Amino acid sequence: MTDAVTLTDMHVKLREARPEDFDIIRDLLTRCGLTTGSVTSEGCTYWIADLDGVPGGCIGLEHGPGVSLIRSTAVVPEARNQGLGRALVTSALTQASLLGNRAVYLFSEEAGDYWRRFDFVPSTPDEIIAAMPAAPQVVSGLTKGWIHAEQAWKRTLVGDGAA
């Protein structure tokens with residue numbers, strides 16, 4: 001890719017990841033400095049953004065009972081700040097809404113301002129643990145001891161039934 005080529009000049013395709021795509025997802029996460037230890041297809045849906053047929057970003061959605069957890073959101077440095085991340089997040093939120101989820105959670109230490117753009121508000125790790133105790137990222141955080149040091153975020157999708 002040359003400096004003169006921009007994302008708007010490229011063909012962007014979002015696709016749901018298949019089991020054979022998980023090496024690509026791990027590579028994207030590694031290139032973006034993110035961990036890959038709890039990346040799994042079990043109980044999760046991932047999407048990959050292809051730029052002219054080359055993987056440029058990904059996002060995951062862990063599924064729980066009536067809630068989901070966004071994880072592994074990554075866009076390669078050369079494709080950032082051009083809307084690719086927004087497309088990935090919108091795809092995950094749309095899927096969560098179609099599943100009838102009442103809320104979507106995530107952990108993010110450094111990107112709070114980014115997630116506020118999507119109507120996420122601060123939450124607590126304990127709320128996520130209670131809502132999704134078997135989610136791979138929650139299990140990893142509890143096992144490795146990092147979960148209570150993380151900033152948790154929540155976006156409500158469906159009201160609690162109150163009119």
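**View 1. Hairpin of strands β3 and β4.** In the hairpin of β3 and β4, three residues lie between the strands, and G66 adopts a positive phi near 80°. The model is predicted: local features require pLDDT of at least 70 and side-chain atom pairs pLDDT 80 or more, whereas totals for chains, interfaces and linings use all residues. Residue numbers start from 1 along each chain as its sequence is written, and side-chain values use heavy atoms, without hydrogens and water. Strand β3 (residues 54–63) pairs with β4 in the antiparallel sense over six bridges; pairing requires at least two DSSP bridges between two strands. H63 has S68 of β4 as its bridge partner. Strands (E, at least two residues) and helices (H or I, at least four) are DSSP runs numbered from the N terminus.

**View 2. Strand β4 and its parallel neighbour.** Eight of the nine residues of β4 (residues 67–75) are buried, so this strand is largely enclosed by the rest of the structure; buried denotes under 20% relative accessible area (1.4 Å probe, protein chains only). Strand β5 (residues 103–107) pairs with β4 in the parallel sense over four bridges, and V104 of β5 stands opposite S68.

**View 3. Lining of the largest pocket.** β4 gives the most to this lining, with six residues. The lining comprises 13 nonpolar, 14 polar and eight charged residues. Ala, Val, Leu, Ile, Met, Phe, Trp, Tyr, Cys and Pro count as nonpolar, Asp, Glu, Lys and Arg as charged, and the others, including Gly, as polar. A pocket is an open set of points on a 1 Å grid over the protein atoms alone, where a 1.4 Å probe fits, with protein on both sides within 12 Å along at least five of seven lines; lining residues have an atom within 4 Å of a point.

Definitions and conventions: Buried means under 20% relative accessible area, exposed over 50%, partly exposed in between (1.4 Å probe, protein chains only).
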